[in-house]
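This report describes selected features of the structure shown below. Please keep the sequence at hand while reading.

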Amino acid sequence: MSLDQNPLLDVRNLDVSYGHGAKRRQILDGVSFRIAPGEALGLIGETGSGKSTVARAILGLVETDRGEILVEDHDLTTLSRTQWREFRREGIVQYVFQDPLRSLDPERTIAQSLAEPLEIAGALGRDVIRERVAASLATVALDADILPRFPGEISGGQRQRVAVARALITNPRLIILDEPVSALDSANRVNVIEILAALRDSGATLLFISHDLGSVAGVTDRLIVLYRGQVVEEGPTAEVLRRPGHPYSRLLVGSAPTLRRGAVDRAEREELRRLLTEHDVSSL
Amino acid sequence: MSLLLTTETAPETVLRVTDLRIVNEVDEVVLVDGVDFELRRGQVLGIVGESGSGKSISLRAVLGLLPAGLAIAGGTIELFGDDTSRFTNVDWNHVRGSGITAVFQDPGSYLNPSIPVGKQVAEVLRVKRGLGRRAAKAQALTLLDEVRIHDPELVFRQYPHELSGGMLQRVLLAIAVSLEPRILIADEATTALDVTVQAEVLDLIVDLTERHGLSLIVVSHDLAVVAQVADAVVVFRDGVIVERGSTAQVLHDPQHEYTRLLVSEHELYGLDRFTRDVAAHVS
């Protein structure tokens with residue numbers, strides 16, 4: 001978790017904008033962060049913060065104006081289309097989305113979906129693939145009887161666990177989780193969070209992107225808070241949650257509902273809101 | 001102001017639901033199976049449960065707005081002492097709005113996209129309270145101001161698509177309180193909002209409740225949201241109520257396994273794990 005090690009993901013001064021001319025809007029403004037091997041980093045932001053754009057940039061789905069995204073020896077911002085295909089095939093980085101139906105083909109069985117990333121990577125025999133499929137299912141506590149079924153035939157919680165198993169199957173160096181539990185009910189949310197926490201404890205490197213501090217708190221070592229395209233707070237999860245520094249992080253932590261009321265009282269929240277509307281992000 | 005009205009007896013019950021059963025008439029599946037709860041004047045009741053637990057359908061029944069195909073198969077719902085099974089359409093039109101009202105998760109879908117929002121607030125006042133055009137507009141502006149919209153004149157002229165989810169929910173709350181109802185139901189009213197906006201809208205709902213002397217039902221899948229505002233909590237699971245009690249009791253000494261899961265999610269993995277000591281310090 002130490003930052004002296006070479007980071008697995010190193011995002012440096014990332015600028016992204018959408019639109020052209022008068023309609024041009026800057027979405028990310030000098031975003032920098034690193035994830036060390038074995039670290040679980042939470043990226044927190046609300047609507048318009050740019051957090052989804054960070055995910056899309058790491059996926060190669062948006063053009064960047066400036067900055068670097070370094071994964072091991074690759075700068076992802078400079079890859080050609082062919083190089084992207086090659087990079088994806090290696091399965092160094094895997095993704096889990098909010099809606100598992102996005103990563104699972106409805107017309108393929110769970111067994112086929114799980115084996116697919118290994119088949120794309122190539123060079124593995126059928127028996128090895130079968131073993132790896134079984135092992136990844138065990139990691140997410142699913143039984144083998146789910147294998148011949150289709151995504152539409154299993155529950156939402158089971159689907160999301162399959163999506164996690166599928167992301168794990170290539171032994172990726174980095175797993176990006178974009179709102180992985182936001183669409184689940186409580187029982188399944190706890191279930192998937194427990195799986196992610198166990199994954200973290202086993203040394204996996206995670207980037208957990210969410211609007212929901214509550215779902216990220218128990219799984220991550222460190223948090224960064226994104227607000228209007230800028231990183232306004234960074235630190236160990238417990239520190240950020242107990243003593244947030246930036247007015248926006250204070251408002252965010254103070255607004256998140258907890259079982260106990262009034263961690264931050266209402267007058268303070270109103271004061272923070274006033275501060276945020278009257279000042280520039282970077283001047284705070 | 002309520003001092004003069006206070007009596008020695010417990011506050012009156014404004015809503016009483018007894019042994020409510022709701023079935024799907026098409027496939028005969030029982031969706032709500034013997035649910036009891038009541039709301040007293042001035043009380044804030046929290047209702048917690050997943051989607052499909054029967055909580056929203058029970059409240060739809062309370063509002064006399066069950067979706068087609070669903071029917072009340074047993075039990076009674078009393079609003080202000082009257083059995084609603086005997087209500088005519090005229091009775092419902094009278095009681096909905098000025099007796100009981102509700103806001104839901106998707107405020108945008110309750111507004112006409114091609115009419116400015118202010119006009120829609122004013123329209124309710126014209127039709128239901130018989131105000132003239134000018135009086136309705138003035139009252140609508142007052143209401144928009146009351147729900148803390150900073151520039152009521154501007155927002156009055158704006159169309160729903162020009163407003164954020166938080167602003168739309170404020171407009172719906174303005175409409176909800178415009179007829180001076182006695183009961184407000186907020187069904188997942190802050191669920192789709194960013195957490196900082198959610199806190200603002202919850203504050204607003206509490207303010208409106210106090211200012212207008214409302215009795216409030218807050219419905220959420222998130223126990224923590226309900227814990228912010230409710231005096232008492234009932235927990236729905238698979239069409240029945242599995243837990244009920246004062247908020248403190250339910251949070252600190254949950255009896256049902258499912259409620260314990262909801263509490264432990266926050267305590268083991270959520271913010272409560274980190275803020276517990278801080279909060280204890282504050283209170």
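A:G229 lies in the loop that joins strand 9 (222-227) to strand 10 (230-236) of chain A; helices (H or I, at least four residues) and strands (E, at least two) are DSSP runs numbered from the N terminus. The model is predicted: local features need pLDDT of at least 70 and side-chain atom pairs count only at pLDDT 80 or more, while totals for chains, interfaces and linings use all residues. Residues are numbered from 1 along each chain as its sequence is written, and chains are lettered from A and ligands numbered from 1 in the order in which they are written.

A:G229 counts as buried because it has 24 C-beta neighbours inside 10 Å; the term requires 20 or more other C-beta atoms within 10 Å of a residue's own, with C-beta atoms placed from the backbone. Apart from residues up to four places away in sequence, A:G229 touches A:Q26, A:I27, A:L28, A:D29 and A:G50. Contact here means C-beta atoms, placed from the backbone, within 7 Å. A separation of 42 Å lies between the C-alpha atoms of A:G229 and A:R149, which are 80 residues apart along the chain.

## The largest nonpolar core

The largest nonpolar core has 159 residues, and A:L207 and B:V121 touch the most other members. Such a core is a set of buried Ala, Val, Leu, Ile, Met, Phe, Trp, Tyr and Cys residues joined through C-beta atoms within 7 Å.

Beyond its neighbours within four places in sequence, A:L207 is in contact with residues including A:L9, A:I35 and A:L174.

## The contact between chains

Chain A contributes 29 residues to the contact and chain B contributes 31 residues. On the side of chain A that touches chain B, helix 6 of chain A gives the most, with 5 residues.

Note on methods
A residue is buried if 20 or more other C-beta atoms lie within 10 Å of its own, exposed if 12 or fewer, and partly exposed in between; C-beta atoms are placed from the backbone. Two residues are in contact if their C-beta atoms, placed from the backbone, lie within 7 Å.
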